[in-house]
Amino acid sequence: MISAARHTLPTHEVHNQPPVRGDCDLWTSDPVLQNVIALAGGRTEPLASYGNILGRRETRDAGMDANRHPPEIRLFDQGGRRLDEVRFHPAYHQMMQISQSAGYASIAWDGQPGGHATHAAMMYLASQVEPGHCCPMTMTYASIPALAANEAIASVWRPKLTARSYDPSTKPIGEKDSATLGMAMTEKQGGSDVRANTTIATRDGDHWRLRGHKWFCSAPMSDGFLTLAQAPGGLTCFLLPRWLEGERNAIHLMRLKDKLGNKSNASSEVEFNDALAYQLGDEGAGVRTIIEMVHHTRLDTAMAPAGLMRAALAEAHHWVAHRSTFQRRLIDQPLMRSVLADLVLDWEGALTLGMRVAQAFDGTTPEDRAFARIAVALAKFLANKRCPVVTVEAMEVLGGMGYVEDTTMPLIYREAPLNGIWEGSGNVICLDILRSLARDPLAAEVLQAELSAAVGTDRGYDAALKEHRDRWPTLPAEAEARWFAERTALLLTASLLLRHAPGAVADGYIATRILGNSGHIPGSVSGLDTEALIQRLSTQ
Ligand SMILES: Cc1cc2nc3c(=O)[nH]c(=O)nc-3n(C[C@H](O)[C@H](O)[C@H](O)COP(=O)(O)OP(=O)(O)OC[C@H]3O[C@@H](n4cnc5c(N)ncnc54)[C@H](O)[C@@H]3O)c2cc1C
């Protein structure tokens with residue numbers, strides 16, 4: 001038992017080392033999440049129980065174990081027969097079991113109101129404990145709208161993908177109670193530009209055979225994969241089942257990627273050796289079909305950085321509350337307060353914008369859909385550019401121990417850049433934003449309406465919005481796309497905080513992020529209401 005650890009050692013007394021964090025309910029200890037979930041119309045009951053389970057010490061230890069013992073590839077059995085399997089540590093399966101039973105992948109599709117908002121909050125909570133297992137569940141969640149392109153396939157797969165249970169066995173889909181689905185688009189010669197895919201699809205009766213490779217295929221133990229391949233009519237979307245009736249499909253694992261972080265998640269390289277596939281959507285309409293899946297995974301890549309920032313700040317807050325330097329608790333040191341208060345603004349901004357986007361995913365009007373399309377890209381871009389900065393600073397708050405694997409800081413730090421890279425890297429997202437605004441007048445209109453909604457509440461915001469509109473009366477050239485996206489996302493966040501967050505948060509955000517009354521380094525601020533901002537981190 002941790003509490004029974006011995007303080008008095010033969011050579012010295014251990015003191016001024018913060019206690020190991022025990023159970024910490026991730027729902028009750030996060031009033032900011034509770035506020036934005038209420039605004040977005042999410043469901044509190046499933047989140048309360050999921051946040052409670054995730055925050056238990058035992059679950060957080062399992063999350064660490066799943067990363068300390070990464071998955072192993074098993075290509076062949078002892079007789080040289082192909083297996084193409086991945087073995088995971090029991091802690092990984094434990095995390096999957098908890099999250100799948102809570103409804104991470106399924107709750108958005110059960111027909112109840114607020115499903116996407118609830119799902120997005122689950123993503124945010126899970127990222128705080130074990131981000132790696134989120135990958136297969138996010139892809140499973142996101143595959144549902146793409147599968148709708150083929151009703152016959154959807155009727156078989158959808159009930160299994162939306163079941164609230166976890167079945168890791170390798171069996172044909174018909175023999176399983178629940179299933180997961182992955183995505184394999186990226187090839188060696190190009191990931192962002194999927195039209196450069198060289199995998200070939202050849203018709204074989206009422207299905208197809210795929211031949212080629214995929215350079216990244218995370219979650220290779222999924223029961224099926226959505227993929228793209230060149231058919232005679234052009235790039236087409238396909239579903240590849242991992243298991244056929246009676247035999248494994250010819251999806252050969254080549255190796256697992258040796259990654260910076262995201263260790264618990266098995267990201268692989270695969271080859272399709274005339275693997276059997278079913279067509280989804282029209283021949284030649286591959287991008288249009290799979291983009292439905294990409295759109296939904298982007299929601300999760302916008303929420304994950306908010307969760308990572310929250311996890312890093314919760315650790316930092318616990319540390320400063322229990323550690324003293326120079327005869328004073330760190331949490332009472334004015335400069336430390338400036339650092340923490342400044343970081344809170346990034347986290348609360350990302351969480352608030354992310355949940356507003358999730359609310360739009362739940363909406364049914366053309367305006368909701370248009371807002372979701374444009375705002376998910378803005379949220380993904382901004383949150384992921386801030387996440388590594390915030391996690392690095394939070395790590396430094398712990399001093400030397402922040403760099404040590406006994407704490408969760410290294411895990412969070414290694415994860416921080418990832419959601420900015422996959423599902424559209426920064427530049428690609430910014431160019432997508434320009435394309436969406438150019439092609440979709442309704443997206444531009446709803447975005448402007450959301451920005452205008454806060455006009456009249458703060459003179460600084462009003463002036464900044466006017467300056468933004470004056471600078472870019474039309475869309476910028478490609479070379480300025482990042483500046484435009486950053487500014488738009490910051491203003492959108494400010495607009496939401498002005499309407500829905502306490503004055504200390506909105507005022508602080510506008511002073512530092514919109515009006516530039518700060519340096520470029522976190523904590524280079526003055527005049528923030530540090531008491532109120534640090535209070536936002538109130539953990540148990
Ligand atoms: C851990 C991990 C897991 C992954 N899992 C999967 C998976 O399961 N399935 C899957 O399909 N993929 C997966 N990916 C791949 C990921 O989606 C791609 O790596 C990503 O889309 C970028 O593609 P790329 O690596 O080919 O880079 P490139 O497309 O070569 O891009 C390189 C850089 O150039 C920039 N760029 C591209 N076009 C332009 C332009 N026009 N102007 C300016 N800059 C530009 C990009 O923003 C990027 O920064 C995974 C990646 C990682 C790291």
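The predicted model holds five cavities of 30 Å³ or more. A cavity here is a set of points on a 1 Å grid over the protein atoms alone where a 1.4 Å probe fits but cannot get out. The largest cavity has about 170 Å³ of space; a volume is the space filled by probe spheres set on the points, which are joined across faces, edges and corners.

This is a predicted model, in which local features need pLDDT of at least 70, side-chain atom pairs count only at pLDDT 80 or more, and totals for chains, interfaces and linings use all residues. Numbering runs from 1 along each chain as its sequence is written, and side-chain values use heavy atoms, without hydrogens and water.

The largest cavity is lined by 16 residues, each with an atom within 4 Å of a point. Closest to its centre are Arg-21, Arg-60, Gln-128, Ala-311 and Glu-315. Helices α3 (57-68), α8 (286-322) and α11 (409-415) each give two or more residues to this lining. The largest share, four residues, comes from α8. Helices are DSSP runs (H or I, at least four residues), numbered from the N terminus.

Elsewhere, the axes of α14 (residues 441-452) and α16 (residues 481-500) come within 8 Å and cross at roughly 50°. Therefore α14 is oblique to α16.

Contact means heavy atoms within 4.5 Å. From α14, Leu-447, Glu-450 and Leu-451 meet residues of α16 including Leu-491, Leu-492 and Arg-499.

| Site | Nonpolar | Polar | Charged |
|---|---|---|---|
| α14 with α16 contact | five residues | two residues | two residues |

Ala, Val, Leu, Ile, Met, Phe, Trp, Tyr, Cys and Pro count as nonpolar, Asp, Glu, Lys and Arg as charged, and the others, Gly among them, as polar.

Key:
On a 1 Å grid over the protein atoms alone, a cavity is a set of points where a 1.4 Å probe fits but cannot get out, and a pocket is an open set with protein on both sides within 12 Å along at least five of seven lines; lining residues have an atom within 4 Å of a point. Axes are lines fitted to C-alpha atoms, for helices over the stretch in contact, and angles run from 0 to 180 degrees between N-to-C directions. Angles under 35 degrees count as roughly parallel, over 145 as roughly antiparallel, 65 to 115 as roughly perpendicular and the rest as oblique.
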